[in-house]
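Here's a friendly walk through one protein model. Take a look at the sequence and the 3D view, then read on.

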Amino acid sequence: MIEVLQHIAQNEQKNLLNKDARSRVERFLLWCSQNNIQMTDSLFSAYVDYLRQEGFAPNTIKAHISSIRGWIGKIIESGELRAELSTRIDPSFGEQKRQLHLEAKIGQVRAALESKRASVRVASKPSRNLYLTAEEISRWVNSFPVESLLELRDFAIVSLILATGLREAEVCALDVKDFGEHEDRKRGVQVPNQPGCVERWIPYEHDVRWVDKVISTWLKAAHIDDGAVFRGLYKSGNMIRNERVNVRTITRILTHYPMVHYDQAIILKPLDLRHTYARHLYQAHHHTFESVQAYLGLKTTTAVVNHLGKAYRIYQDPQDNPFYVVDLSRLANWR
């Protein structure tokens, strides 16, 4: 369906869409295409998440959604959508089957527009606490491409946040010397005393020790021996900049790797990964509230409860694997 909408937009007469509306529609369709997003009742909610991650103001997001919904509604009522869909139906279909197929496709689009979930309410500071299982996280992490240097860096950043629950600013502040062994010979990361950071030592739990290999592979591939661990890349994607990544970069990274959650594509936020780390410590490794508080660098155990959310009370089937299972064989090309 997204491909059909793209074709209509490309052939739309320029005077039917003003410059701003055309730009908004094209941005939306490109996002859908790049992330393999389908026409569902959560489509606009997911797109709002993406725009917010990109730093758009609430009123600007409303304008984008209004333009997109208005344009889709127009091509339905004008018959453009029906005409384009009819050219793509299997010619072997009889007339009755053709009409049923057309109505089903158009009904799918109408449902996305008219669903209660399509009525998007934009808030400046939305709050949510997703319950992501270890199986979902493992599947998502294993889906990351690592063919380019940029993809390898993104994979290393996301893996580290999942394994340690670091804040975005803490990831940005890390130097090569901050990784290693502690007095108890456990490997982990030392969070430095820098702005936006809470100084502490975070050891790796046994099911996330693979992150050590991911980090070392990134450092070797990027030829980084000291200084900032995570740095920007030039547009070519093959040359490393000297500057550290910033908080916004980490947020933007996640917009490129949607996760399938309850059969819907969602864009995770860094805080979602911190929440997941907190629950992983509590449920899979049986840490106390005080221990979770120390690992996350939180001021109170009340903050721990907020990170765990109601999901920490969910009964976990003993037969479910609570640990992450990550395949690193795809890193072999970087040796």
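Is Lys177 buried or exposed? Lys177 is exposed, with a relative accessible area of 67%; here, buried means under 20% relative accessible area, exposed over 50%, and partly exposed in between (1.4 Å probe, protein chains only).

## Before you dig in

This is a predicted model, where local features need pLDDT of at least 70 and side-chain atom pairs count only at pLDDT 80 or more, while totals for chains, interfaces and linings use all residues. Residues are numbered from 1 along each chain as its sequence is written, and side-chain values use heavy atoms, with hydrogens and water left out.

## Salt bridges

Side chains of opposite charge can pair when their charged atoms come close. A salt bridge here is a side-chain nitrogen of Lys or Arg within 4 Å of a carboxyl oxygen of Asp or Glu, and the count by this rule is seven. One of them joins Lys177 to Asp178 (3.6 Å, N to O).

Now look at Arg167, Glu170 and Arg200, which are linked in a network of salt bridges. Arg167 meets Glu170 at 2.9 Å, N to O, and both of these residues are buried. Arg200 meets Glu170 as well, at 2.8 Å, N to O. Arg200 sits in strand 3 (residues 200-203) and Glu170 in helix 9, so this pair ties together parts that are 30 residues apart in sequence. Arg200 is buried too, like Glu170. Helices (H or I, at least four residues) and strands (E, at least two) are DSSP runs, numbered from the N terminus.

## Around helix 11

Helix 11 covers residues 247-255, and its buried residues include Ile250, Ile253 and Leu254. Those buried residues pack against several helices, among them helix 3 (43-53), helix 8 (149-164) and helix 12 (270-284). Thr249, also in helix 11, is partly exposed at 23% relative accessible area. At the helix start, a side-chain oxygen of Asn246 comes within 3.2 Å of the backbone nitrogen of Arg248.

His64 has its place in helix 4 (residues 58-77) and is buried, with a relative accessible area of 8%. Leaving aside neighbours within four places in sequence, His64 is in contact (heavy atoms within 4.5 Å) with Arg24, Arg27, Tyr47, Leu51 and Phe56.

His223 has a positive phi of about 55° although it isn't a glycine, and it counts as exposed at 69% relative accessibility. His286 has a positive phi of about 60° and lies in the loop between helix 12 and helix 13 (289-296). His286 is exposed, with a relative accessible area of 65%.

Technical notes: Polar contact = N/O pair within 3.5 Å; in protein donor to acceptor, adjacent residues only side chain to side chain.
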